[in-house]
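Please look over the sequence and structure first.

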Amino acid sequence: MAGIRRSQMGMLLIASLATVLNAGCGDLRPSSRGHVLDLEGRRFDPLEATQSKATVYLFTRSDCPISNRYAPEIHRLHEQFAPKGVAFYLVYPDRNELASTAIQHMKEYGYQCGALRDPDHVLVKMVEAEITPEAAVFISGASGKELVYLGRIDDRYVDFGKWRAAATKHDLQDVLEAILDGRQVPYNRTKAVGCFIRDLR
Amino acid sequence: MRSPSFMISRSLLLLAGLTAWLVPIGCTDDDMPSANNSSMVVQPTFNKDIAPIIFEHCAACHRPGESAPFSLLTYRDASKRAEQIAKVTADRYMPPWLPRPEHGHFRGVRRLSDEQIDAIGRWQTQGRQEGDPADLPPVPQWPQGWQLGQPDLIVTMDEPYTLPASARDVFRTFVIPIPIESARYVKGLELRPGNPRIVHHAVVEIDQTPSSRYLDKRDPQPGFDGMAGSGESQSPPGFLVGWLPGKTPRLAPPGMAWRLEKKTDLIVSLHMLPSGKPEQIQVSAGFFFTDEPPTRFPFVFKIGSESIDISPGQDNYRISDHYVLPVDVQVLSIYPHAHYLGKQMTGLATLPDGTKKPLIQIDDWDFNWQDQYYYREPIFLPKGTTIAMQYRYDNSERNLRNPSNPPHRVTYGPGSSDEMGDLWLQVLPRTPQELAVLKSDYARKLSHLRIGGFKKMLEVRPNDWHTHNTLALWYIQAGRIEEAKQHFQASIRLADDYAIGRYNLGNIFQLQNQMDKAIDLYEQAIAIDPGYAEAYNNLGLALQAQGKRAAATEQFYAALRARPDFVDAHCNLGNALTTEGQYAKAIDHFEQAIRIKPNFALAHQQLGEVLSITSHPQAALARFNKAMQLQPDWWAPYEAAAWLLATYPEQTTHRPQQAVRLAQHASKLTSHRDAAVQATLATAYAMAGKYDLAALAADEAIALARTSGNKSLEQKVQERLKIYHQYNAGRQPVPEAAQP
């Protein structure tokens with residue numbers, strides 16, 4: 001199976017759940033390590049092919065102030081891109097945040113998009129998300145979804161306690177526009193600033 | 001052909017930390033402590049090593065209900081943010097503390113030691129162990145609610161303000177009336193933001209005029225935009241009041257309460273940080289009063305520049321300023337202030353003997369964590385000490401906090417995209433007399449600062465008539481009358497309907513004794529604005545100076561029709577009526593003035609004069625005493641009381657010894673340079689039987705009267721002088737009939 005080791009490929013290749021199932025040693029199977037769930041507790045396959053032109057998974061935490069301050073920007077992007085065929089999901093990676101917490105949080109901040117829980121960090125590990133807020137953007141291919149972007153929403157936050165009055169680069173917006181225009185996405189990875197997902201166990 | 005299992009991304013996604021990624025994915029269990037841990041000799045635990053640091057330095061804010069966005073009171077709270085805590089402490093972003101150590105010893109230092117930061121870092125990397133519960137210190141107890149105890153008076157915003165969810169920081173100022181029946185001495189003022197998590201910092205001022213209320217009314221939402229009240233609002237006398245997360249409010253040291261007048265508004269400016277959802281905020285303030293009148297009077301002043309002008313891209317713009325202290329002071333606290341372009345700040349005192357005392361040094365200025373720093377021990381700076389400041393600014397794109405992208409030209413101003421460069425100091429002079437010296441010396445310094453600033457503003461907006469007017473007012477303050485005149489004239493030229501400029505230019509001509517020109521300008525101002533009470537009042541004064549008494553009286557009445565509570569007009573009318581012999585009416589207007597403004601020393605003084613004329617010496621003396629109490633550095637009530645006590649025929653009021661003491665004091669307050677005061681001193685000496693001293697004072701009065709062209713006074717004193725010489729030879733008291 002060495003040929004499939006991603007280290008040797010130098011690129012992230014996630015075609016479908018089946019790919020991940022086959023990758024590495026036997027107990028890599030996500031089924032043995034948990035599932036991504038929707039807020040009703042149903043299993044959710046984040047890589048399943050859909051009609052959407054792009055799917056955005058936004059990692060968030062109800063108790064991460066930087067994530068929360070992005071709520072208005074996420075509303076804006078959702079309103080702009082949802083009608084054009086982009087699906088948006090918030091992803092809650094804190095296993096201590098129950099569905100009820102997530103629902104309450106979405107209500108408080110007025111989120112209109114979909115939401116998922118990733119208590120076992122299946123999606124976190126799959127895309128190597130490290131931060132909340134951080135966006136993973138997939139496009140739909142013939143046999144599943146393909147990750148094309150992982151990183152910040154924009155460059156407003158530069159570090160803890162260092163933020164610009166307004167963003168000068170709107171990375172997530174640029175990526176989505178490129179996908180809709182059929183262009184190559186301008187960047188695949190940017191550094192997000194916010195709370196560390198690693199801190200959640 | 002594509003393999004069915006893999007799809008080549010159409011764009012390459014480079015992976016960072018790939019090896020690390022591969023290891024945990026199922027081959028090892030990342031929830032298990034690594035084998036290395038057991039071999040570590042000292043492994044910090046939360047209970048033993050981390051909790052004490054957090055409790056002492058973080059938990060004042062990071063606890064439920066306080067300003068920080070999350071709590072850190074428990075192992076679980078801290079563990080789920082371990083890497084974040086390690087990073088922000090290693091970066092010294094948290095706990096927030098800007099001054100560099102060894103440059104001023106301050107109270108409440110929040111800075112962590114290198115050892116503490118290292119312990120947090122090791123705790124995080126070495127498995128964030130919880131440790132033995134027996135090691136956990138008790139969670140500190142903080143006072144609930146008001147930190148200074150139950151306030152004597154609590155004021156709250158009428159209605160809450162709703163902070164929108166928007167991404168940008170919001171700067172807004174709120175006006176809260178203070179309902180007190182009479183003036184009070186304030187020893188403490190504590191602000192409760194109501195919703196501390198969205199308030200980044202607050203500045204508190206007071207406004208004795210309705211002008212901030214006016215700005216509030218013009219804005220349909222509660223409060224108005226910006227981080228400053230109206231131009232009329234100011235810090236409480238001798239104090240700077242601010243609020244910052246985690247800052248403990250302080251009571252003023254004994255004897256240092258400040259006087260709060262009635263009909264004052266509290267002006268609260270908030271820098272708010274939207275949370276991502278709409279938030280309600282309703283600020284309260286608690287006042288702590290004392291009945292002890294102050295005995296020590298601190299003073300706040302700033303040095304810096306108001307002519308800041310930073311071109312776009314400039315990354316090391318510098319300003320500097322200095323001020324030489326005219327008296328000894330103790331520096332109690334210091335408050336450096338700049339906006340988002342500020343990067344580095346130095347404050348330094350150089351004593352007359354050359355010794356240097358660092359006041360403050362900040363290497364990485366952060367507007368968001370500005371604070372007023374209190375010295376552990378007040379710093380004594382003798383008279384002649386030079387206080388100097390130097391700030392540096394970065395207006396390039398590399399300054400991430402730059403509010404403009406691309407950068408643009410930035411000048412001085414209160415808006416967050418303007419810049420400021422102020423170093424404020426709170427100092428305590430030794431005596432009220434030395435405070436007065438400092439105040440008047442500093443007024444000159446401030447006028448230079450302001451003139452520089454407004455000139456710069458005119459460079460940017462040369463046709464702004466209001467700025468011409470304001471600059472002219474500062475020229476007057478600096479005694480530069482001709483320049484003031486030019487700018488008033490410019491303001492009139494630029495705006496046909498600018499009544500204020502005409503009124504002000506009229507005042508200059510009046511000061512220069514050119515009454516016809518003054519009268520013309522006041523009349524123009526009144527034609528533009530028929531409700532201009534001040535213009536009627538000063539027109540009255542100009543007419544009075546021309547000897548047109550009836551016309552003058554008419555204008556004072558007009559001023560009061562325009563504004564019935566105009567105290568100056570009441571007093572001027574009172575004087576006019578006194579001259580006409582209409583004493584009862586005059587007394588009525590002085591009393592009205594005092595009802596409107598009980599602390600108006602001039603009104604008490606003038607009422608005293610009428611009472612003295614109308615043979616009410618005791619009541620007159622009471623008024624003079626009140627005026628002295630209200631304005632101890634003003635000579636007139638001393639002189640008036642001295643004259644009354646020296647010359648009043650009734651035994652109960654004839655106290656020549658006391659008259660001498662009062663007249664001596666009045667003489668000292670005028671630096672022995674006022675002819676009338678020296679004349680009164682001469683009379684007091686004479687009535688006390690000290691004819692030689694009386695003759696000396698009379699000589700001085702004659703010389704001064706001659707210099708100032710006051711012929712009638714010169715003549716009167718000449719006549720009295722003859723009598724003093726006569727009685728000095730005979731050593732007899734002067735008969736009352738010989739006195740005027």
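**A hairpin in chain A**

β6(A) and β7(A) form a hairpin, with two residues between them. Helices (H or I, at least four residues) and strands (E, at least two) are DSSP runs, numbered from the N terminus. This is a predicted model: local features need pLDDT of at least 70, side-chain atom pairs count only at pLDDT 80 or more, and totals for chains, interfaces and linings use all residues. Residues are numbered from 1 along each chain as its sequence is written, while chains are lettered from A and ligands numbered from 1 in the order in which they are written.

**Strand pairing** (two strands pair if DSSP finds at least two bridges between them)

- β6(A) and strand β7 (residues 144–151) of chain A run antiparallel, joined by seven bridges.
- A136(A) has L150(A) in β7(A) as its bridge partner.
- Strand β2 (residues 54–59) of chain A is also antiparallel to β6(A), with six bridges.
- I139(A) in β6(A) stands opposite A54(A).

**Burial**

- Strand β6 (residues 134–141) of chain A is largely enclosed by the rest of the structure, because six of its eight residues are buried.
- Buried means that 20 or more other C-beta atoms, placed from the backbone, lie within 10 Å of the residue's own.

**Domains of chain B**

- Chain B is assigned domain 1 (42–135), domain 2 (153–290), domain 3 (301–429) and domain 4 (639–740); the bounds come from an automatic or database domain assignment.
- The centres of domain 1 of chain B and domain 3 of chain B, taken over C-alpha atoms, are 30 Å apart.
- Nine residues from domain 1 of chain B and 13 residues from domain 3 of chain B make the contact (C-beta atoms, placed from the backbone, within 7 Å).

Conventions:
Two residues are in contact if their C-beta atoms, placed from the backbone, lie within 7 Å. A residue is buried if 20 or more other C-beta atoms lie within 10 Å of its own, exposed if 12 or fewer, and partly exposed in between; C-beta atoms are placed from the backbone.
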